[in-house]
Structures are given as C-alpha cells and as structure tokens.
Amino acid sequence: MKRCRVLLLLVALWAATGSAQAQSAPETAATAAQPAPKRQLQALRITEAMKLDGALDEAAWQQAPLATDFIQNRPSPGLLEKHKTEVRVLYDDANLYIGAIMHDVSQDSIMRELSARDDMGNTDFFGVFLDTYHDKINGYGFFVTTGGVQADARYSPAGGEDFNWNAVWDSRTALRGTDWVCEMRIPYSAIRFSKAPEQLWGVNFVRQRKKDNQAFFWNEVKPAVDGFVNQWGELTGIKDVQPPLRLSLTPYISAYANHYPYDVQGTRNTSTSFNGGADVKWGINESFTLDATLVPDFGQVQSDNQVLNLSPFEVQFQENRQFFTEGTELFNKGNLFYSRRVGATPIGFGNVSGQLRAGETGPDGQRRPGEAVVSNPGVTRLLNATKVSGRTKNGLGVGVFNALSNDVYAVVRDSVDGRERDVLTQPFSNYSIMVLDQSLKNNSYVSLINTNVTRWGSTYDANVTGGLFRFADKKNAYAIDGRVVYSRRRGNVFGSEERIDDQNGYKYQVGLSKISGNFTWQLGQGIESDTYNPNDLGILFGNNNISQYANISYNKYQPFWKVNNFYSWAGLSHSLLYKPTRYQNANIAAGWNTTFTKSFLTTGMNFDANPVTHDYYEPRQFPLGDYYVRVPVNANVGGFVSTDYRKKLAWDANIGVRWYARDERFERPRRMGYGLSLSPRYRVSNQLNFRYSFDWNLRQNQVGYVNGGLNGSLPDDARFRDDHPGDVLLGVRRVLTVTNTLSGGYTFNNRMSLTVRARHYTSTVNYSEFARLGTGGQEQPVEYRRNRDNTFNAFNVDAVYAWWFAPGSQVSIVWKNASSSFLEANEATPLYFDNLSNTINTPHNNNLSIKILYYLDYLMLKRRAKV
C-alpha cells in the first residue's frame, strides 16, 4: 500500500503541471521551463463558530473569494478542468478552514475506496498545500479522500515528500448529488508561522479524479521546472493571528505477552511485560518545536525483512519507528543520519562468546564445562529521545536531536556452579545531531550538519561534520551543488586496548546540472578517503573511492502518439580506488518508461553494461588495494509492466537478465543472473483488498567470498590457512533466493483498519568449487572439501488492528509471529517446499501486544476548562 501511495502522490504532486489559464496552443520548450504566474487567493476572517459537517452551508462560505479553474496536470498537462473545483478559505483566531466542492457527472464517477491513514488508495482526493514562511522550499500538505481518510506530509529539499509526518487536524466529507464536498479545519497548532501582523503564505490545491486518472492543480506546477513548493500560489488576507502555545502530551500504556517454545527446564516459555511512557510536543516559540519521547516503546513497529547477506556491506533496514520518521527532514540533510543506529544492536553483541571461560580438564582428568550465554539482548533500550526543530522567519532552519541509551549487559552462567555474571556489551551512550539550514533565493540553500556519539567508559567516541550547498540561477535553469564532510573518531576499539585506526577521514562531492526543461543533465565528481567513517550515527557502503559521473535525461510531458508521456535517461560513471589509486569499475546505463493513454499501462526498460571490474571489497581484506575479485565484462537488460490500478485486478511484473563474458583464465561455466518479480493485487470491495508479491532471483556460477569465513578449529579450514597464509578462500556458487509476501487489509471506516502481512524468505547457496585468491586478483583452484552449502529461511507475520478513536488518539493491537533457521552442509536444500516445511516446523516466536495512547492538547483542555 505504501508503495502505491508514494508512486501515486509523487506522480500527482511532484511531476504535476497545469497553467493559470487554459492554453489555446501547446507550450514551447522555452515557456514550459518557465514557472507559471502565481495566482492569489484572499482568506476571509470569520467570527462565528463553524460546524464541521461537510455541508458548507454557513453564510461565510459564500462570502469568501473563490479559487477555481484548476488545470489538469496528468495525463494531459495544461488543459482546463471540465468538472469544476471550487475552493474557499476562512480563518479565525485558532484555525484555518478550507472548504472545497468537487463537481462531477454522477456519484458513480466518484471513486471512494477506504484505506488506512496516509494511504490514498483507489479513490478521489482533495488536498491543500501551505508554505507558511513563504520561503518557496519548505511546506505542508493536508489531504482528504472521498471516504474521509486523512493524509498529511512535509515538503523539503532533504525529505522530498514525507508522509511520515503526522499532525492533529480534523475534516469531514459528504456526497451532495453529483458533487462531493470536503471541509477541513487545520488548527494553528498543527503548523508553524511567524508573528507578522499580516501573513503571506504560499498555497496550492490539488484534486485527483481517479475515474479518469486525472489530477489537477489550482496553481500550475510544471514538470519541466525544477522544484515543487516554489511553484505554489499565494494566500493573502490573514491578519492579526498569533501562533498559539503548542503544547501536547500523548501518554501511552502497553502490555505484551510473548511465547517461544524453549522447552528447557528453568526457562519459561511465556513472558509478559507492561510499559508506560509519553510523547511531549512543546512549541518553544512560533518557529521551534520540542518533541520528546520518554521511555519509548517501539515493540509494535513492522518486522524487518530479514535476508541472507552475502555482500561485504551491512544490510540497511527501513526505519519504522514513528519518532524517527516524523519531522526529521532537517536531520536527514546530507544523509549523515541513519536513525537505526539509535537503539541498535549493542557494539559488543558479537564479542560475548570470546569472553566466556572455556571448558578445561581438571587434575583428576575430568572435563569441566565452561560458561554459557544465558541472555544477550540484540537491541539497545532507549531512555529518552528529544528533538528541537524549526525555521525562523528569515529562513534559517535549526535542528537539535539527542538520545540517551543505558548500559546493556549480556548474562553468562558458569556451567559448574551456576553462578552468573554480567558482560557489558554497550556502555551508556549519548547520540546527538545539530543542523543549521539556511534557505536562499531561487530554491537554493546552505547547510551545516554535525553528528556525535559519546560513549562512557574506555571505548571510542565519534564525530562527523558536514557542509552542504546548492545554488540555482534566477531562471531556475542551472544549479551547482556540493558537500564536504569530515569524520573524526577517538579512543579504543570496544573491549580492547587497540586504538581506532580511522581517526580522521573526509568526503567531498561537487556537481553541476541543468535542472529545468525537457532536456536536463548532471556532471559530478567526488572522493571518499580511505579513513572516512560516519557509521556510528550514519551508514556507509564502502569508502576509499574516487568517482565521476555524467547523466542526461529527456522527458516529454505532453501526450503524443498513443502514450501520455515519455521519460528517458542515460548515464556514465567511473570509479577509482582512492588509496592506492587504482581502477575499480566503469558503467554505462540507460532506460525509459511511458504510460499508454487508453489502458494506463505503464512500461519501461533499462540497460547497463560494465567492462571488467576489480572488486576490492569482496575479499574482506584491509587495507584495500592488494586483493580484488575480478568480475568479467557483463551487461544487464530488464523491463517492467504495471497495469491500471483503478481496476479490481491489477499487477506489476519485472524481469531482468545479466550476462557475463567467460573468464578466459578458467574453464568455469559462464556466470549468469536472472530475476523475476510478479505482484498481483485484487480489490474485493472499497473496504477489502489483497496483494501478493513473488520475487525470484538466481545467480549462477557467481564467484565470491565464502560466507561464514574460515574456522581454524576445523581441519579443512586450518589446512587452507597453513598452506596459503594471507590468501582468501573464494567459492563458485549458485545462489537461489525466493520471497513470497501476502498482505491484506480491511478498513472498517476512515478511523479503523485491520492489516495482515505474511512473508517467507528463503535463500540457498550451493558451492561447486573453490579457489584461493592471491594479490593482484590472481585465482587458483584449491583442494577444499568442506561442505559450505547453506540455506537461510525467515518467516514473519504482522497483524495490526488500529482504531483512531479520537484525534491523535489510538488503540492498536498487534500480533507478531516470527521464525528463522540457518541450515548448513547436507541440511541445506534449494528445494522451495522443503524450506517452507522446515520453516513451518521451526519453533516460532509469538508476540501479542496492546497499546493505548491518548492525545492531550493544552489549548483544547483550556477551552473546556473555560466552559
């Protein structure tokens, strides 16, 4: 659902176009790349109370100035709407009111699927955008579907269109004959604005008419013009309103019951826990807000998609914790903040086994067992997290983030006398971020970001500082951008006296681009030094790089022939190792996609080709430079098809094939790669829907580092180390990965929903031969007989019932079922149904939880107290 929502809104909002007046002739390339004139709408002040009922029958609605004559932005940009949209704006001392009437031909033409909050679904919707500081860079979006489902978003250069942001506001919709009506009440506490006696806000309105897959804007937003917020109109007439005291408390209580069949004497299979805490929001002034979570509970977030990782880099998981996804656009500047680091796996989690007392043989010749791990927490529990963010009237954005985590201990038990002791795996830690972001004219900005991790005790601390800039010309046609980042680490490796060896590092990148018009291009170059490391609070996939790139794109936004549009792109890239300076890889890639006019079938293709590549990361040997895996010349061709989501049955399909040249050094079979993805979706009714995803990936004769490494206690591994000291064991392998995901949702009404998601993942690695990798990419076959085949299975179910029983207040009941298994040697099997059976028969962890949170707003309580 989330993918559908993002695709829908990105096309409808970011790639949208229109004009202030109907155009009698097609735009030229020059005029299409120029922003449209800005329309103005005056808001009307009211004094009487407004009833939110979707009727718009109060006299004030008829007195307010009218915004109409919306312009179609897809599928045919620039055409005046045939079915009128009428919007009026009112305001008082506490709220902004938006009333909209969407005329149509009949009720059957008004689509109205119900869905969960922030998911538009297959329905019509209306939305309003507000740029309250009129900086033409940052803004808010509030949307309501015909069924009354709400969605809200923030807009910024760093976060783009961010639907993780949530505000507390109210709305009503109604069907009136052949029209549908939307009425919104947005309290000033939901937005931020200055104390100026007279406000000038950026504003725009959007309407989606799903019956014909049409979307309209009031003020034209041209797809050939770079930027979105900078193309909104202006809202005038708001006078003598004061930013209110924004103070709210959202306390929560939660209860968990967990069952895992340990079936071990002295260990309970079932456990329970109870938690309580609160989220606090405080408007420090009209510009800045403090958000704090006290004793947070993230136990109900969606389960991670576990995978078998054969790469030399870590897996980047999606952030699902709302506190770390909501209102974090400032902290995401420069991509230096990977929020999963906060509350992540303790840094000493994998070192506990090395600190156990080993078994020994006593003087009497009897073998005495050593210590065993009783518990080793895989996550770090946060004590609290706080963020302060906002933007001044002069366009200076300021963000401060801080989080604290307590000591984390593993518990180990002596197998002889039963005594237990604690092993520290994560010291008390402080995570902080500071951001300064100055908005400039012409959709430009400069930013300064600092991230810091301070750990108590004898380990290391980390600090990263980055500067970013983007300058565009007055015509918004060309831009230059860049960044410089410095990383600093000081101290010892955790649990060791060894000093950190990457104390200072840097990264820079600079680019020049043509950003507006049908034809655009980009040029760029960057360096990441061999000691650059932002990983303590960020994420990095390989440093020690010098890279260059050149990209071009040509897009046609107007319908032609039998298609609505056409998007195409091509690019060249080249990479060197930074130290020592050696060739790594080069790449040429191209692709296109289009949507057909009548069927609304979207299709596209992509292609890329690579000369011989030197992969310095795959051998896992540091410092980089001596060892690399040689990857032959290869090319990939792929394509996708996506049918019309308006239909009850729709589907997506992707297919790709990667071909490799033969490695002339060996008699090995040619490497090949194949990928297939099918995803049908079926809408049973406006309340019930299902989606199934099947992903199949096969890599034949792939050459790579043998996952799991070498174990010196095993004869074959010890022999390889003795015979080839310093060399790396590579394997020629077949990797088959299959993922099945089934999800369904039933929406009772616009405030209550039930969703279920089940996923089974299996990946099998079969090794056919082995080789030793020497320096300079030299490979030689080697006699190595240990069976290294392995299979990883992961299964999880997430069932979520959510009821928004009051604005900002929710009851959620979540059931999670999860299991995983790692099979080695003869137990590993590529047969899918054998893996499925193994997964079903593996012990499962079941977790049932209920969480209640209640939104308490100071202004609301104050008004009630007066009554």
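Me: Which residue in β11 does Gly 99 stand opposite?
Reply: That would be Glu 183. Keep in mind that this is a predicted model.

Me: And how do β5 and β11 pair up?
Reply: Strand β5 (residues 95-103) and strand β11 (residues 179-187) are antiparallel, with nine bridges between them. Both belong to an open sheet of five strands with mixed pairing, in the order β2-β4-β5-β11-β10.

Me: Why is one side of β2 and of β10 left without a neighbour in that sheet?
Reply: Because β2 (44-45) and β10 (170-176) stand at the edges, each has a single partner strand.

Me: Let's switch to cores. How many residues are in the largest nonpolar one?
Reply: It has 37 residues, and Ile 98, Phe 126, Phe 142, Met 184 and Phe 205 have the most contacts inside it. Strands that each supply at least two of its residues include β5, β11 and β12 (198-209). There is also a second, separate core of 23 residues, with Phe 323, Leu 382, Ala 403 and Val 464 among them.

Me: New topic: what stands opposite Ser 432 in β26?
Reply: Asn 452 does. Ser 432 is also the bridge partner of Asn 402. β25 (residues 429-440) runs antiparallel to β22 (residues 396-405), joined by 10 bridges, and pairs with β26 (residues 444-455) in the antiparallel sense over 12 bridges.

Me: What's in the turn between β25 and β26?
Reply: The two strands form a hairpin with three residues between them, and Asn 442 in the turn has a positive phi of about 60°.

Terms used. Residues are numbered from 1 along each chain as its sequence is written. This is a predicted model: local features need pLDDT of at least 70, side-chain atom pairs count only at pLDDT 80 or more; totals for chains, interfaces and linings use all residues. Side-chain values use heavy atoms; hydrogens and water are left out. Two strands pair if DSSP finds at least two bridges between them. Helices (H or I, at least four residues) and strands (E, at least two) are DSSP runs, numbered from the N terminus. A nonpolar core is a set of buried Ala, Val, Leu, Ile, Met, Phe, Trp, Tyr and Cys residues joined through side-chain atoms within 4.5 Å. Buried means under 20% relative accessible area, exposed over 50%, partly exposed in between (1.4 Å probe, protein chains only).
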